[in-house]
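Hi,

Here is the structure I promised to pass on. Have a look, and my notes follow below.

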Amino acid sequence: PAGGPGAMAQARGLLAKEPAPRAVPASNLPMEVCEVGLNAVPDTSSGLASAGFHTAKYLPPEWRQRNFDVYREAFAGCERAERSRAEAKELTKQAAAAAQRAQQDSTAALGQRLQDIHFWKTELQKVIEDLDAETSLLSAQKLRLERALDATEVPYAIATDNLQCRERRQPPDLVSDEVEKELLKEVELIRNIQELLKRTLMQAGNQMRLNRDHKEVCEMDWSDKVETYNIDDKCGRYSNQSTNIQFHPSSVKFDESASTPETWARFSHDNIYRAEQEKLASISLRALIDNILHDVSEDLRMQRAAVNEAFTKHCGELDDAKHTLEYHLKKILKEIGDQEANIAALKQAIREKEAPLKVAQTRLYDRSYRPNVELCRDEAQFRLISEAEELTASIESLKKKLLESEESLRNLEDTRMNLEKEIAVKTNSIFIDRQKCMAHRMHYPTVLKLVGYQ
């Protein structure tokens, strides 16, 4: 109101009093006007002149009531406006506070979300690095397996060459002896080792592929986490004063395919768990490869020692047999020489008996021409006959002994040939076993090669 606060207070005082009821209803006013005209003094000019001024006019109480109504409506409107302004101010204050709290809560939620994302991102990065390092270690073990597999080719070639060389032994040394059994065992062992190493190599390759697959899954998850972290970090830095904010009404809706915090965490947890399982499997496989390579090298070393020991023992036996044969050959040669001298002596003895036999037989022949009674069987005749018979028997005995000696000499010669042949066979066997086989086995790979370090 134009009167200011004082007039406002005065108006409130007036409005506090209840207005008096109307004396005459509004609908009776025209009737009253008519009555006034009827009550006027008849036939006077003053009554007729004022009759038109009373038509359709309010009474003073109505005028006052009307003013009071206007005042009351004005003051009620002011009060409503004042209350509305107070409510609007309070609502504005509450809305600002609620918006500030909501923004603070959202910023805090984004901060917490950043911590969660950072946690899983760190865990994923750690498992990725662990898987990468484990794959590198497994790759080194795989390289050891490949080297060990390549190294087994030399022992296999040596063993098969030894067997082929020993096939060139001459009878009777061409026997299935202990050396051959150990060589066959060595060949079979190397074949089994090669099969085992090939299977382990395949297993290592599969495990490396699984490691890389799970590493790739974790890397994709980690990459998504990094992108999400950057997005949420950018969102957390937005403020009311940011210049790059705008309305996006459609973004308020939830995506039906969106994950929940539980499924989101479970996804990364499962990826990490599977990666850890593959890492543990890779670690176990590396330990298995270590054990396999150690056992393989140890088995090959022991079998090599067994073969070498069998070779050494057999070569010793061949040396002993050769020395014994040479000793017997020496005796046979001496015996052959003695027998040849004996034969020569027997022949000489036979030749020496021929002259006395001729003398005796000539005497008997000449005495057979004695005439008549002189052809007497005297003592001389008996003695000559006895001498001739003795000489003949002696020559026969010497010839028989000569035949026996010659037969013995032939047997000795045969024995000598057999001994020389046996010595040659033993010499050949010793050459094959010692010069060919054992010398070749000196090129056997070292333990470091067999375990794949070289």
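Which backbone oxygen lies 2.7 Å from a polar atom of the side chain of Thr 135? It belongs to Leu 131; a polar contact here is a pair of N or O atoms within 3.5 Å, where within protein one must be able to donate a hydrogen and the other to accept it, and residues adjacent in sequence count only if both atoms are side-chain atoms.

Before the rest, some housekeeping. This is a predicted model, so local features need pLDDT of at least 70 and side-chain atom pairs count only at pLDDT 80 or more, while totals for chains, interfaces and linings use all residues. Residues are numbered from 1 along each chain as its sequence is written, and side-chain values use heavy atoms, with hydrogens and water left out.

Back to Thr 135: you'll find it in helix α4 (residues 60-151). Helices are DSSP runs (H or I, at least four residues), numbered from the N terminus. Thr 135 is buried, with a relative accessible area of 9%; buried means under 20%, exposed over 50%, and partly exposed in between (1.4 Å probe, protein chains only). Leaving out residues up to four places away in sequence, Thr 135 touches Met 208, Asn 211 and Arg 212, where contact means heavy atoms within 4.5 Å.

Asp 232 sits in helix α6 (residues 178-237) and is also buried, at 13% relative accessible area. With the sequence neighbours up to four places away set aside, Asp 232 touches Leu 110, Arg 113, Leu 114 and Ile 117. Of these, Leu 114 is 118 residues from Asp 232 in sequence, yet their C-alpha atoms are 6.8 Å apart.

Now the aromatics. Rings of Phe, Tyr and Trp (its six-membered ring) pair if their centres lie within 6.5 Å; planes under 30 degrees apart count as stacked, over 60 as edge-to-face and the rest as tilted. That rule gives 2 aromatic pairs. Phe 119 and Trp 120 are edge-to-face, 5.2 Å centre to centre with 75 degrees between the planes. Phe 119 is partly exposed at 44%, whereas Trp 120 is buried at 15%. Tyr 365 and Tyr 369 have ring centres 5.1 Å apart and planes at 80 degrees, so this pair is edge-to-face. Tyr 365 is partly exposed at 49%, and Tyr 369 is exposed at 57%.

Last, charges over rings (NZ of Lys or CZ of Arg within 6 Å of the ring centre and within 35 degrees of the ring normal). Lys 121 lies over the face of Tyr 229, 5.5 Å from the ring centre. Arg 144 has its charged end over the ring of Tyr 453, 4.1 Å from the centre.

Cheers

Key
Helices (H or I, at least four residues) and strands (E, at least two) are DSSP runs, numbered from the N terminus.
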